[in-house]
Amino acid sequence: MQEVYRVFLFILITFFEPSVNALLAFMENAPALVIVMAFFVCWIVCWLPVAAVSAILLNWQPFKPLQPEQKMPLLVSLYLLAPLILWGVIWLTNKSFSDYGFVSNLSTLTSLAIGFGLGVVSLAIVFSGQFWLGWCYFEKTNFKLLLPILLPIFLIALLVGGIEELVFRGFLFTELAQDYPVWVAAVISSLIFALLHLVWEQRETAPQLPGLWLMGMVLVLARFAASGNLGLAWGLHAGWVWAIATLDTAELINYTGKASDWFTGKNKKPLAGLAGIICVLGTGVIIWLFSKYF
């Protein structure tokens, strides 16, 4: 039996080693767009079987909007696959996660905490301004819903923020910046980041596209401010996701209708209005002014 195994292994190496070596040589010198396309195609192809099984188990009806309880398992499975696919790309291109800004050290944790705090505080300032202007008010009866959801949403926000930063500000931006000027790489990676949000919700996401693109640009700035480390951008992204998701899930905010949706955000989405744009722009200005301290 052992001899059969050795023969089988010898045949595999003989036939596939040249192909593997050729693939490795090609990927190490491939244009950025080829590497980027290979990553996203592999990511989607590997996720589709998982999505199909999940859709059946969740009783999802085609051409009908996903409910939050249906969307979450699909989202989590998609995001958990991303580091595995990226690891494969890293192996093929002879790079490392640190090349994409993901470094496991104390500095990353510190930047993560600072970014998270900045994201939450920036939104708190914007909503405080809207309260003062009489544009919205707290639904006090829903405060009792907060405690059970704070930790689960926090963990999801860390996952979403971490994976999206690793993919878009880490992998995608870094690869594009090798073949294009930095500002072009920032614009393209932020545009792809914004457009891919349409996969989940088209009607609610479309008005947010300019805000999502601007958010991507500010997160690129956050990576530069942290000397290439993704910690600050990760924390900022997670802080925004955590704060907005908590408010939405607990339905804590109600709008009075005194201001247009163009100010407060269409469909109650801050990034679809002037308030959210001001929040993101203001955060970008703070990062730029205090970049030497990050």
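Contact here means heavy atoms within 4.5 Å. The views below come from a predicted model.

**Close-up 1. Helix α4 packing on helix α9.** Let's start with α4, residues 106-133, and its partner α9, residues 231-250. Their axes come within 6 Å and cross at roughly 40 degrees. That angle makes α4 oblique to α9, and the crossing is right-handed. On the α4 side, look for T108, S111, L112, I114, G115, F116, L118, G119, V120, S122, L123 and F127. Facing them from α9 are G231, L232, W234, G235, L236, A238, G239, W240, W242, A243, I244 and L247. Sort the residues of this contact by type and you get 16 nonpolar, eight polar and no charged.

**Close-up 2. Helices α6 and α8, another oblique pair.** Here the axes sit 8 Å apart, and the packing angle is about 135 degrees. The two are oblique to each other because angles over 145 degrees would be needed for roughly antiparallel. As for handedness, α6 and α8 make a right-handed crossing. From α6, the contact draws on V182, A186, V187, S189, S190, L191, F193, A194 and L195. From α8 come L209, L212, W213, M215, G216, M217, V220 and F224.

**Close-up 3. The largest nonpolar core.** This one takes in 72 residues. If you want the residues with the most contacts inside the core, go to F39, F40, W43, V167, F171 and W240. Helices that each supply at least two residues include α2 (32-57), α3 (68-93), α5 (146-179) and α11 (274-289). The top contributor is α5, which gives 13 residues.

**Close-up 4. The surroundings of F171.** Zoom in on F171, one of the core residues with the most contacts inside it. Leaving aside residues up to four places away in sequence, F171 touches I35, V36, F39, L86, V89, Y100 and L166. Among these neighbours is F39, which is also on the list of residues with the most contacts inside the core.

**Close-up 5. Q130, a buried glutamine in α4.** Back on helix α4, find Q130. Its relative accessibility is 4%, so Q130 counts as buried, the cut-off being under 20%. Skipping residues up to four places away in sequence, Q130 touches W135, C136, Y255, T264 and A275.

Methods: Residues are numbered from 1 along each chain as its sequence is written. This is a predicted model: local features need pLDDT of at least 70, side-chain atom pairs count only at pLDDT 80 or more; totals for chains, interfaces and linings use all residues. Side-chain values use heavy atoms; hydrogens and water are left out. Axes are lines fitted to C-alpha atoms, for helices over the stretch in contact, and angles run from 0 to 180 degrees between N-to-C directions. Helices (H or I, at least four residues) and strands (E, at least two) are DSSP runs, numbered from the N terminus. Angles under 35 degrees count as roughly parallel, over 145 as roughly antiparallel, 65 to 115 as roughly perpendicular and the rest as oblique. A crossing is left-handed if the near helix is turned anticlockwise from the far one by less than a right angle, and right-handed if clockwise. Ala, Val, Leu, Ile, Met, Phe, Trp, Tyr, Cys and Pro count as nonpolar, Asp, Glu, Lys and Arg as charged, and the others, Gly among them, as polar. A nonpolar core is a set of buried Ala, Val, Leu, Ile, Met, Phe, Trp, Tyr and Cys residues joined through side-chain atoms within 4.5 Å. Buried means under 20% relative accessible area, exposed over 50%, partly exposed in between (1.4 Å probe, protein chains only).
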